[in-house]
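Please look over the sequence and the model below before reading on.

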Amino acid sequence: MKFWAKKNISLIVSGGIAAYRACDLIRTLRREGADVAVLATKSALEFITELSLQALSGARVNSDLFTPIQADGMDHIHQTKNSDLLIIAPATANIIAKMAMGLADDLATTTILAYSGPILVAPAMNSRMWLNSATQRNVAQLKKDGVQFIDPQSGSLACGEEGEGRLAPIAHIVDAAQALLTPKILKGHRLLITAGPTHEALDPVRFISNHSTGKMGWSICRAALNAGAEVVLVYGPVNLEPPLGAELHPVTSAQEMYDQSMTAWDKGCTGAILTAAVGDYRPLTQQTDKIKKSQDNQQLTMELTVNPDILATIAAKKDGRVVVGFAAETGHAIERGREKMARKNCDLLVINDLLEADSGFGTDTNRVTILHNSGKEETWPLLSKDMVAQKLMQNIATLLNTVKKNG
Ligand code: CTP
């Protein structure tokens, strides 16, 4: 089951040039399985048509308090009646100011005032309007009132200026919305997460590595943050934008990943989820000059030395904390996983078989088997990596709470 299936979202589009990006937000949320009820301000409809919003959301879009589409005329009450979340994107300085004051002089603002559930605001405006002390004062007031913001980004603005004020990327708005809707089952926990590959340098231009892209680790990191955990993310070279809200420690080699991870582990983490594909070996000597191809030598032999095992070292210093490992195998996955779990002393091992379709490096899906230290084993169907991560958080929360109770 997808996270967004059966979620009811109300979206208010207010009048700025970024209104057209609401179309992408609606499409993304609906593609994920959410129902999206859209309301536009009159100014929004100067930038984007009602028909576009209606076609994309699959429902009628109202903008006028006094031209209701509901039989009883109470559109501002019905709009959000069954909503799990109200998103205002893009939010102009004007609508933010009205919200902060509790004004209700049109359909959008009466709807906001009549809604008692969680609200996410994604502002977009000229940078001077955003940084104006009146806007900042209004934002601070709304944050104090419990309204969540996904702050605008810096960059080139529609007005031709550079600065802070661009609507946050749609993926970030969706992530923030998901975070708001996720129960905070990991609140109070600080988790170390390793992700991505490592690069073991041979010389200044070459390295030994593997096919890890970091996608599983990123899904785990987002799910942990959404569940309310603090996250220390130690990650090797990947081509992904770092998740918002994590303490970031980019590294290159296994030794660096080990050093950063041990420092984090010794500084109050309550659990570790080690998804990284750590290089098991590194060249014994790293050449300072580029290794040259010799005409005489048809073969090149290189001596490798073993890298420290982060998971085994952390698990040896567990002291009642929870340690989760990952294992990517090529055949005999369960037997090898059982042996690995015992050898590394982890509480949970997530195994996937690289020989199976749609699982492993670079894919967006994974078919995993979870080994528990209690001896329980469960195989999950093919799921998105995000869904695997969310389900895993429930297992980790149970383990963390059991350890806490017994500790
Ligand atoms: N791991 C680690 N440090 C290492 C090697 C592995 O922390 N130096 C962690 C991985 O992040 C993963 C788990 O150990 O959570 C299993 O990794 P894997 O490479 O499958 O384990 P290995 O002991 O290297 O076994 P194999 O011989 O199968 O490579």
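## Salt bridges

There are 18 salt bridges in the structure, a salt bridge being a side-chain nitrogen of Lys or Arg within 4 Å of a carboxyl oxygen of Asp or Glu. The model is a predicted one, in which local features need pLDDT of at least 70 and side-chain atom pairs count only at pLDDT 80 or more, while totals for chains, interfaces and linings use all residues. Residues are numbered from 1 along each chain as its sequence is written, and side-chain values use heavy atoms, with hydrogens and water left out.

One of the bridges pairs Lys344 with Asp309 at 2.7 Å from N to O, and this pair links distant parts of the chain, 35 residues apart, with Lys344 in helix 13 (residues 333-344) and Asp309 in the loop between strand 15 (304-306) and helix 12. Helices (H or I, at least four residues) and strands (E, at least two) are DSSP runs, numbered from the N terminus. Lys344 is buried at 15% relative accessible area, whereas Asp309 is partly exposed at 28%; buried means under 20% relative accessible area, exposed over 50%, and partly exposed in between, with a 1.4 Å probe and protein chains only. Salt bridges with shared partners also join Lys98, Asp105 and Asp106 into one network. Within it, the closest N and O atoms of Asp106 and Lys98 are 3.8 Å apart; Asp106 is partly exposed at 22% relative accessibility and Lys98 is buried at 14%.

Another salt bridge, with an N to O distance of 2.9 Å, joins Asp266 and Lys317. Asp266 belongs to helix 11 (residues 254-266) and Lys317 to the loop between helix 12 (310-316) and strand 16 (322-329), so the pair ties together parts that are 51 residues apart in sequence. Both ends are partly exposed, Asp266 at 49% relative accessibility and Lys317 at 33%.

## The open sheet and its helices

An open sheet of mixed pairing is formed by 8 strands in the order 12-11-8-13-16-17-19-20, where two strands pair if DSSP finds at least two bridges between them. Strand 12 (247-250) and strand 20 (377-379) stand at the edges with a single partner strand each, so one side of each is left without a neighbour in the sheet. From one strand to the next the twist averages 15°; axes are lines fitted to C-alpha atoms, for helices over the stretch in contact, and angles run from 0 to 180 degrees between N-to-C directions. Strand 16 and strand 17 (residues 348-353) run parallel and are joined by 6 bridges, and Ala327 has Ile351 in strand 17 as its bridge partner.

Helix 10 (residues 215-226) lies across strand 8 (190-195), strand 11 (230-235), strand 13 (271-274) and strand 16, and runs at about 165° to strand 8. Helix 13 lies across strand 16, strand 17, strand 19 (368-372) and strand 20, at about 150° to strand 17. Contact here means heavy atoms within 4.5 Å.

Most residues other than glycine have a negative phi, and most peptide bonds are trans. Against that background, a cis peptide bond with omega of about -10° joins Ala89 and Pro90, and Pro90 is placed in strand 3 (residues 85-91).

Asp319 has a positive phi of about 45° although it is not a glycine; Asp319 sits in the loop between helix 12 and strand 16 and is exposed at 70% relative accessible area. His332 likewise has a positive phi, near 45°, in the loop between strand 16 and helix 13, and is exposed at 53%.

## Aromatic contacts

The count comes to 2 aromatic pairs, under a rule by which rings of Phe, Tyr and Trp (its six-membered ring) pair if their centres lie within 6.5 Å, planes under 30 degrees apart counting as stacked, over 60 as edge-to-face and the rest as tilted. Phe3 and Trp4 are edge-to-face, at 5.2 Å centre to centre with 80° between the planes; Phe3 is buried at 15% relative accessibility and Trp4 is buried at 1%. Trp218 and Tyr235 are also edge-to-face, at 5.2 Å and 85°, and this pair links helix 10 to strand 11 across 17 residues, with both residues buried.
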